[in-house]
Each structure stands twice: as structure tokens, then as C-alpha cells.
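Please read each point alongside the sequence and the coordinates.

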There are 2 protein chains.
Amino acid sequence: MSIRPNKPDPDESREAFRRYLRSRHIKDTSARREVLDVVLGLKGHFQADDVTDLLKGGSRTVGKATVYRTLPLLVDCGILKRVHFDMKRAHFELARGGEPHDHMVCRRCGRIVEFASDEVLELRGRIAREHHFHVIGHRFQLSGLCWECSIACPVAKIAPGSA
Amino acid sequence: MSIRPNKPDPDESREAFRRYLRSRHIKDTSARREVLDVVLGLKGHFQADDVTDLLKGGSRTVGKATVYRTLPLLVDCGILKRVHFDMKRAHFELARGGEPHDHMVCRRCGRIVEFASDEVLELRGRIAREHHFHVIGHRFQLSGLCWECSIACPVAKIAPGSA
DNA sequence: ATGCTTGCAAAACGTTTGCACAGGG
DNA sequence: CCCTGTGCAAACGTTTTGCAAGCAT
């Protein structure tokens, strides 16, 4: 039921990043390219730390400061999307060509189920129009219990306040 | 257009908190009561720090640790709701008797517009059902430009990555 | 050659925790 | 009375920043 990640073409992303950097007069450096390469190899959701660790294993050392400075660029140019599952740390995911989708987070096992729904976009547009709001993006996140956990744990109330 | 905050009755909230504490065998202390009182006097959204600061001005000193330990209790008993506008800090708001609503955040001026829509709940239920997910809560947050800012700033792209 | 980028280390930030004492049940 | 709750300060982990050196343009 969950969306099949149709990963974006790495070469296309690299080219897009290059164009983005040039258009903004930001330098196309090896460190930034390496961050992109690592990120393109990742599946699902990750955090800044994951990228830093993977870069440690690579040929060159890329500091975590650079990772923290590069990830926003990748978000800005549309290659990455920022997602917030908790308020502890920032999570990212590949944007997959911009195919919109949202998340359901299981409060018990932490599992993340993705879903895509045109209705979310419709509704978002309708609401924005009603309030004279120029909508650019949204975040729609359900929290609750996944199928397995709802069986294992009949008591619905878990992790207070994480809605 | 935005929802009129029908604030909950303070006395009722205090009573609800007392019942909650008793039911969980958590002590009904003066510090916790003072946190609740300050919180009930706040309008709109606030963060842990706001509560701590206001408590400093009061008769007794309540440490920020106590605030951080008490706010989750208030969330758990339904008096407060946790909202995340950014990943920097946690924000809270009065639950107003549980009347559900969501937020639109202006990327330019930071203004927060609230909206309530039954359709969000319907959609959420429908999606959860499709994915065999037992939904407990949700967060639906639009980001973009409010009316004033969309006129003042015709360029739609602002604050990269805050979608 | 210029000045944006880098890595490192250290700061900053909100939040959590360890502790000895206070206070509610 | 006991055990939980409290305040303080120090710890925590993520993210940011200051700096001298490096490198793309």
C-alpha cells in the first residue's frame, strides 16, 4: 500500500544541483558534490549525522559543519525534503522528483508509513483560498499505531503529546 | 476568518488537572498549579521559556526544570496541545476544549493563521483506514505567504526548506 | 588574486538529568 | 513518615559559528 520510492536519477540530480549552484553564484565544490552523492545513495529517511558518518568512510573527510551547511542547499534546490518526525532532530528524504506524499508515524514502534493523496492537495488549496493564503508547501502527519502495534497493544494511548 | 479562540474556563481546567493528577497518583503540588495558572493566562502560542519567565515574576520561583516536567502533563491531560512550527523549539497552545484546528505559517512574517476543517478529519480517517493505521492525532500545517506578504513580496520562494 | 568554503573545535541552543532538600499523600 | 517533587546546576545532543587555511572562479 505504501508508495514505491521511484528514486530520482542520480545524474539528473547532480546536474540540477550544479545548475542551482551556478544560478545562485554558489561554488560547485567537491565537498558539496560528495554530500550530494552520499545523499543520493540513501534510501528512506535520514538525518545529518547519517550523512556525516558515511562521509567519514569515504576517500576524503567532510566535516559535519559542511554537511549541515550543504543539506539546506539541497532542500532549497528541490533534491531533498525536510521532514520532522520529532523535535529532537531534523530528518530528510529524497524528493523523488517532487512526488508529494505524507507520513504516518507509529507511536509505539516508530515505523513510518508513507501515503500519497490528491485529496490532501485539493483540500490544502481549498483551505488556503478560503483564508487568502498563498500556500507553498505543507506537512500532513498522522500519528497513531500501525497495524501490528494496534494488535499488540490494544490500549490506544501511547507517548502522550506526540500528536 | 480565523477561528475565535473560545478559551477554556480556568476553573474547569484546574479541576480537570486535579482529577488527572489524582487518577495517576501524581502529586498535586503548588509548583504544578502555578504552571497551570500561568499557562491559562496565555493567549495564542507559547514555549517553555515564556512560562518560565512569567513564573519568575510571580511570588515563588519555579525552576525551568519543573516547567519542562509539567508541560507534558498538561498535554497529556488534554489542557495543552503541542505544536511544532519549526524544529528549533516546542510550542504549545491551549487546547480549548479539544476543538481541532490546524495552522498556516507565513514564511515571511511568521504570522500564524488558524483554520478548522471537518474535511481534514474525514480525510485523515479515510487515509488511516486505507492503510490499516489506528490514527490518534495529526498535524496539518500549511506554509506559504499570508495575504499581506503575498502582496508585499510577489516572489513566492522564501525561507527555503521550511515547508 | 579574490573571497567564498572548508574543517576543526568550541559555542550556542533548548531540553534533560543528578542531586540533596522540601513537601505532599 | 515515606516517597515523590523540587530547584539548581551541570550534562546532553544537535546544530551553529569563529577562525585560519584551502580552493573555485
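**Notes on cavity, interface and salt bridges**

1. The largest cavity holds about 40 Å³ of space. A cavity here is a set of points, on a 1 Å grid over the protein atoms alone, where a 1.4 Å probe fits but cannot get out; grid points are joined across faces, edges and corners, and the volume is the space filled by probe spheres set on the points. The count is 1 cavity of 30 Å³ or more.

2. The model is predicted, with local features requiring pLDDT of at least 70 and side-chain atom pairs pLDDT 80 or more, while totals for chains, interfaces and linings use all residues. Residues are numbered from 1 along each chain as its sequence is written, chains are lettered from A in the order in which they are written, and side-chain values use heavy atoms, with hydrogens and water left out.

3. The lining of the largest cavity (residues with an atom within 4 Å of a point) consists of Arg14(B), Phe17(B), Arg18(B), Leu21(B), Asp28(B), Arg33(B) and Leu36(B). H1(B) contributes the most, with 4 residues; helices H1 (10-23) and H2 (30-40) of chain B each supply at least two. Helices (H or I, at least four residues) and strands (E, at least two) are DSSP runs, numbered from the N terminus. By class, the lining has 3 nonpolar, no polar and 4 charged residues, where Asp, Glu, Lys and Arg count as charged.

4. How many residues does each chain bring to the contact? Chain A gives 45 residues and chain B gives 45 residues, contact meaning heavy atoms within 4.5 Å. Between them the chains bury about 4,400 Å², 64% of it on carbon and sulfur atoms; buried area is the accessible area (1.4 Å probe) that two parts lose on being put together, summed over both. Met87(A), Phe133(A) and Arg139(A) supply 16% of the area that chain A buries against chain B, more than any other three residues.

5. Across the interface of chain A and chain B there are 2 salt bridges, each a side-chain nitrogen of Lys or Arg within 4 Å of a carboxyl oxygen of Asp or Glu. Glu119(B) and Arg126(A) form a salt bridge through their side chains, at 2.1 Å, N to O. Side chains of opposite charge can pair when their charged atoms come close.

6. Over all chains, the count is 22 salt bridges. Among them, the side chains of Asp28(A) and Arg18(A) meet at 3.7 Å, N to O. Asp28(A) lies in the loop between helix H1 (10-23) and helix H2 (30-41) of chain A, and Arg18(A) in helix H1 of chain A, 10 residues apart.

Technical notes:
1 Å grid on protein atoms, 1.4 Å probe; cavity = no way out; pocket = protein on both sides within 12 Å on 5 of 7 lines; lining within 4 Å.
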